[in-house]
Each structure stands twice: as structure tokens, then as C-alpha cells.
Amino acid sequence: MDGLDSKATILLMGLRRGGKSSICKVVFHNMQPLDTFYLESTTNPTSEHFSTLIDLGVMELPGQLNYFEPSYESENLFKSVGALVYVIDSQDEYLSALTNLAMIIEYAYKVNPRINFEVLIHKVDSLSEDFKLDTQRDIMQRTGDELLDLGLEGVQVSFYLTSIFDHSIYEAFSRIVQKLVPELPFLENMLDNLVQHSKIEKCFLFDINSKIYVATDSSPVDIQTYEVCAEFVDVTIDLQDLYKNNEEREMKSVSTLVNGVVIYLRQMIRGLALVALIRPTDSSTATVDYDTSIESCLTVMDYNIDIFKKGLENVWKHAKVLPEENERSVQQDQFQTAF
Amino acid sequence: MSSNNRKKLLLMGRSGAGKSSMRSIIFSNYSAFDTRRLGATIDVEHSHLRFLGNMTLNLWDCGGQDVFMENYFTQQKDHIFQMVQVLIHVFDVESQEVIRDIEIFTRALKQLKKYSPDAKIFVLLHKMDLVQLDKRNELFEIMMSKLQEASAIYGFPDLVGFPTSIWDESLYKAWSKIVCSLIPNMNVYQSNLKKLKQVLDAREIILFEKATFLVVCSSNTSMGESLDPKRFEKISSVMKNFKQSSMKLKSSFKTLVLNDNIYVSELSPNMICFIVLHRNDDPQDMVLENIKKAKQYFQ
């Protein structure tokens with residue numbers, strides 16, 4: 001998937017003023033969404049490198065250029081990327097964007113059929129709920145037609161409704177990045193194991209800097225749960241920064257809510273943090289031994305997460321040296337028995 | 001409830017200065033972004049807020065269009081300016097008509113002198129985020145000296161002013177100071193807090209009001225520590241965001257333990273304490289037990 005380069009690369013494309021630089025700034029640089037109003041137009045391809053669970057490169061192309069001029073080495077470019085993200089401005093007339101998209105897909109698919117094509121239907125924050133779905137259906141329909149005309153009906157294209165003013169852009173990027181993590185099934189398996197054994201309702205493995213989640217357990221993702229967990233990462237980091245001692249410690253924070261829900265955060269390897277949502281008591285038994293059940297639950301959590309972390313370290317140690325499938329699945333087996 | 005516990009706060013300023021935005025952020029859990037949707041306030045909007053259990057804040061948000069303003073100073077003057085505890089006057093730093101802004105401020109002071117001469121006066125220079133960083137201080141000083149002059153004439157010599165913006169923590173700082181000036185038994189809280197700090201051997205303890213997360217008081221730690229001077233406001237805004245996000249789980253915040261050395265917990269039905277310990281090897285149970293025991297002193 002990653003071609004010659006060792007890191008997975010995401011290519012960000014779209015017409016001018018579609019919001020590509022804003023997306024980059026908001027997701028990877030923690031810029032306030034409102035500040036992106038003042039971004040200049042991007043003139044040169046910019047590429048940046050982020051090290052999260054995987055090494056991730058994000059390359060942004062200026063919208064106003066034509067990539068089919070021979071001066072751009074478009075062939076090499078498309079060969080080296082894992083995902084092509086095309087940004088469509090949903091508040092603007094999008095027909096020309098769709099034509100442009102179809103052209104790009106046609107070319108890129110020829111060069112590298114393994115690219116994941118992702119389409120962000122962007123700036124949906126000002127559209128009403130009905131209109132959002134209409135727009136999405138229309139865009140999907142037209143893209144399908146265009147690709148059919150070009151004889152490319154086999155190409156998989158995923159669509160996302162996004163806006164930088166809520167968490168939808170993080171959600172979309174999480175899914176895009178996850179497609180580039182070859183170890184994802186193992187991670188999910190490990191998280192499922194953890195969830196089963198610790199009364200966890202939902203857990204995410206977050207990249208601390210970008211609030212993208214690189215993995216989650218297999219229960220469906222509820223956007224609100226995701227938001228709460230992502231915001232908890234912010235709360236933890238912000239409070240820790242205020243009273244930082246010189247010693248660097250592993251972050252850990254636990255918060256209980258009035259209805260008994262516990263939000264649990266532990267720092268893992270490589271700038272990742274595990275955030276879990278726990279409901280220690282069933283509504284039927286929530287009476288007398290309320291407090292003790294939270295405590296015992298946390299003890300079990302701590303123990304299990306220690307094991308999970310070791311598993312994560314092992315998987316990664318070996319993934320670096322021997323990236324063969326069987327080596328990793330052996331590790332996975334060992335981990336499962338450790339539970 | 002004795003009438004002494006009802007406090008009347010006037011929130012005044014010219015149209016568009018950001019009065020209703022402030023009120024919505026501090027007391028109604030709006031985010032700064034949400035305030036764009038607020039329309040103009042018509043006449044006076046009253047809100048009654050319970051603060052620290054037994055205190056009621058009657059906030060009179062006075063719409064700032066000239067028509068209403070004229071009305072306040074003529075027909076309604078005795079109604080508006082009677083029994084006022086606090087006047088909060090908001091100035092838009094971007095305003096084109098500074099002279100007129102100050103004129104209205106002095107007219108309000110004139111009425112106050114007549115109807116409630118004991119009122120405390122606060123001025124907020126609002127929308128500071130629109131001014132360049134290096135110019136902010138200078139602008140604030142100039143404006144304050146002018147306002148000080150104006151208010152001294154009307155018998156309110158000790159004017160307190162704050163530079164504010166809804167986009168950072170400065171708003172919390174200003175409102176904490178304003179609201180704290182209304183709490184009668186402040187010394188009790190202060191001394192209890194000091195004792196608690198000794199018992200826990202804590203680095204710092206801060207007391208927050210629960211609904212608004214405004215700082216009530218803090219144990220002063222001036223022991224040569226270089227801590228962020230804006231930390232109170234930052235904690236307020238961080239915790240308030242967290243409170244809001246916990247609402248998405250249909251619940252509200254109860255406790256938070258971070259790295260075993262920061263404890264945030266309810267102290268009474270309307271107060272939250274924020275405790276920072278020196279070490280992180282104190283057994284958690286013991287700290288929690290101490291907090292539980294302390295609760296009775298903060299009822």
C-alpha cells in the first residue's frame with residue numbers, strides 16, 4: 001500500500017477554495033476553525049509528516065493547477081500515495097468539481113489501482129439536515145454516472161459529509177487513516193478483548209495531537225461518544241500542562257459522572273492514548289455497593305490495560321522488524337492467552 | 001430568604017457591545033461561537049440566577065439601542081436605577097463613537113449616584129480580541145484613565161476595569177471578580193480553604209462555583225512557584241467545556257483524578273474544588289476521604 005516510501009501518504013486534492021488547507025490546519029495543527037478564514041491561497045504542493053501509530057504523510061495540492069501537464073510528475077505522485085482525498089465544497093456549484101474528480105480518478109486508477117478514493121462533501125455546516133442528504137445523494141449519483149461513462153464502475157469511492165466546525169472532519173479522517181493501518185484488524189481484536197473483560201462500553205485509541213482515532217472496538221461508533229472522548233483528551237492535556245512538574249510521566253486520568261459513567265484515559269505508546277467509557281453498574285443493581293463497584297472496576301481496568309499496553313508494544317516492536325503477517329498473528333495469539 | 005441575598009446587577013452598554021453574549025456564555029452555557037445567533041435585546045431582559053445556593057443574582061440585561069437608552073434615563077430611571085448593587089458597563093473597543101459611549105456611561109453614573117450611591121461599578125473593555133496584541137495594554141490604560149476621571153466626578157472613585165473577550169479566558173476572570181465582590185462570607189471560605197490545604201499538604205486549592213465555574217476563592221500559593229497567572233480562568237474554561245461534553249452523555253460531572261495529583265470534586269451542592277498535590281504517591285483513598293470530610297465545612 002505504501003509503495004516505495006515507507007510511510008502511508010494521504011493526498012489532499014480539490015478545486016480552489018474548497019477548504020483543503022483549512023482541513024489540514026484544523027486537524028493536524030489544532031488551529032481554531034474561525035482562524036482559517038484568514039488562510040492564504042496555497043500555491044505550491046505542500047507535504048507534511050505526522051508520526052502517529054503509523055507514519056503519516058499528508059500532501060496538499062493547490063487547487064488551481066492542472067495536474068495533467070507533463071511538468072508535474074503525476075505518475076510518481078499517484079504511485080506513492082495510499083489514499084486520495086478529494087474535497088468538494090457543498091455550498092458552491094459542484095458540477096465542475098465532479099468532472100474534475102472523475103478525471104483524477106480515471107488517471108490515478110490507471111497508475112495505481114490500490115489507491116483508496118475518499119470524497120469529502122465539505123462545508124456542510126450551513127446546510128439543513130434534509131439538504132445534506134439530498135446533496136450527498138446527488139453527488140454520489142453523479143459520480144457514479146461519470147465513472148460509469150468512463151468505464152470504471154469497479155472503483156470504490158467513499159463519501160463523507162464533513163465540516164471543520166464540528167467533529168465530522170475528525171471522524172472522516174479517522175476512517176481514512178484507519179484504512180492505511182495494515183495492523184488494524186489486530187488492534188481491533190485486542191480492543192474487543194479489552195472491552196469484553198473490563199465492562200467497557202466503548203473505547204478509542206486516539207492520536208493525542210490530532211484527536212484522530214486510529215482504532216476502536218467493533219461496536220458501532222456513536223458520534224457523541226466520540227466527541228466526549230476526544231474532548232476528554234483535551235481536558236486532560238490542558239489541565240496537566242498547567243501544573244506540569246519537570247518529570248515526564250505517563251498520563252492517566254479518570255473522571256466519574258453523576259450517572260455512574262466513568263471516562264478513563266491512559267497514555268499508550270507513540271503519542272497514543274486509550275480513552276474508554278465505562279458503565280460499572282447496570283441500572284438494576286445500582287444501589288448500595290455503588291462506590292465499591294467503581295473501584296473494583298477501575299482496578300480490573302488498570303490491570304487489563306497494562307496487559308493491553310504490553311501487547312501493543314510487542315505488536316509494534318515486531319511489526320517494525322518483521323512486517324510479515326504470520327509474525328504478528330503469533331504475537332496476537334500470545335496476547336489473547338494473556339487475558 | 002432575606003432580601004439581602006438578592007443582588008441586582010445592571011448590565012449596560014451601547015448596542016452591539018456584546019452584553020447578551022457575555023451573559024449567555026457565563027450563565028447559559030453558550031459557546032463563543034453560538035453567540036452569533038443572538039439577536040438584539042429588546043428593552044430589558046431579566047434573568048434570575050441562583051449562585052452558591054442562597055444568593056440570587058437578578059441580572060438586568062439592558063438593550064443598548066439609543067431608543068431604549070433614552071428611555072432608561074428618563075421615564076424608567078427610578079425603576080432601573082433603584083437598589084442596584086452592581087453596574088457592569090460594557091464598552092466595545094472597536095466603537096467609532098467613544099465620546100458618546102462615555103457620555104452614556106456618565107449618565108448612568110449620575111442616575112446611580114441619585115438612586116443607589118453604594119453600588120459597585122465595573123467596566124469591561126470588550127472585544128479585545130480585535131485589537132493587536134501589542135496595542136491592547138496601551139489602549140486599555142488610556143481608556144481606563146478616561147473612565148476613571150469620569151466616574152470620580154460622580155462620586156465613584158474606585159472604578160474597576162477589565163479587558164475582555166469572549167474568545168479567551170479574560171471573560172471568566174472579569175466575571176469571577178465581579179461575582180466574588182458580592183459574596184458576604186468570603187473570609188470563612190478563605191480560612192477553611194487554608195486549613196484544608198494544610199491538611200492535604202496541597203500545592204494549591206481553588207474553589208469554583210458549580211453552575212458557572214467562576215472562581216470563588218483560592219489558597220494563595222506565592223511560594224516562589226512560577227505557575228501560569230491565567231490558570232484560574234483556563235481551568236474555568238476547560239472544566240466548563242468538559243461539563244458541556246459530559247452533557248452529551250446525559251449526565252453531569254462528578255469527579256476527576258488526573259495523574260494521581262490533581263483532584264477535582266464536588267465539595268457542596270454548589271461548589272467544586274480543584275486540588276493540586278505536591279506528590280503523586282499519596283494513596284487515592286486517603287485524599288478522597290479527606291475531601292469527603294471537608295465537605296461539611298463548606299455547606
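Predicted model: local features only at pLDDT ≥ 70, side-chain atom pairs only at ≥ 80, totals over all residues.
Biologist: Which strands make up the open sheet of ten, and in what order do they stand?

Modeller: Residues are numbered from 1 along each chain as its sequence is written, chains are lettered from A and ligands numbered from 1 in the order in which they are written, and side-chain values use heavy atoms, with hydrogens and water left out. Strands (E, at least two residues) and helices (H or I, at least four) are DSSP runs numbered from the N terminus, and two strands pair if DSSP finds at least two bridges between them. In this sheet the order is β8(A)-β7(A)-β11(A)-β10(A)-β9(A)-β9(B)-β10(B)-β11(B)-β7(B)-β8(B), with antiparallel pairing.

Biologist: Which strands stand at the edges?

Modeller: Those are β8 (213-216) of chain A and β8 (215-218) of chain B; each has a single partner strand, so one side of each is left without a neighbour in the sheet. Neighbouring strands here are turned by 20° against each other on average, direction ignored. Angles like this run from 0 to 180 degrees between N-to-C directions, using lines fitted to C-alpha atoms, for helices over the stretch in contact.

Biologist: Which helix of chain A packs on that sheet?

Modeller: Contact means heavy atoms within 4.5 Å. By that rule, helix α7 (residues 223-242) of chain A touches β7 (200-207), β8, β9 (252-257), β10 (262-267) and β11 (272-278) of chain A, together with β9, β10 and β11 (271-277) of chain B. The direction of α7(A) makes about 55° with that of β7(A).

Biologist: How do I follow the pairing of β9(B) and β10(B), and how many bridges join them?

Modeller: Go from bridge to bridge. Strand β9 (residues 253-258) and strand β10 (residues 262-268) of chain B run antiparallel and are joined by four bridges. B:Thr255 has B:Ser265 of β10(B) as its bridge partner, while B:Leu258 stands opposite B:Ile262. Their hairpin has three residues between the strands, and B:Asn259 there takes a positive phi near 55°.

Biologist: What does β10(B) do on its other pairing, with β11(B)?

Modeller: These two pair in the antiparallel sense over six bridges, and B:Val264 has B:Phe274 of β11(B) as its bridge partner. A hairpin of two residues links β10(B) to β11(B).

Biologist: How many residues of β10(B) are buried?

Modeller: Buried means under 20% relative accessible area, exposed over 50%, and partly exposed in between, with a 1.4 Å probe and protein chains only. Six of the seven residues of β10(B) are buried, leaving the strand mostly covered.

Biologist: How far does α4(A) reach from its first C-alpha to its last?

Modeller: The expected span is 1.5 Å times one less than the number of residues. Helix α4 (residues 129-149) of chain A has 21 residues and reaches 31 Å, close to the 30 Å expected. Just after α4(A), A:Gly151 takes a positive phi of about 75°.

Biologist: Why is β5(A) called largely enclosed?

Modeller: Seven of its seven residues are buried, so β5(A) is largely enclosed by the rest of the structure. On one side are A:Asn116, A:Glu118, A:Leu120 and A:His122, and on the other A:Phe117, A:Val119 and A:Ile121. β5(A) pairs with β4(A) in the parallel sense over seven bridges, with A:Glu118 the bridge partner of A:Val85.

Biologist: What is the order of the six-strand open sheet in chain B?

Modeller: The order is β2-β3-β1-β4-β5-β6, and the pairing is mixed. Its edge strands, β2 (44-51) and β6 (160-163) of chain B, each pair on one side only.
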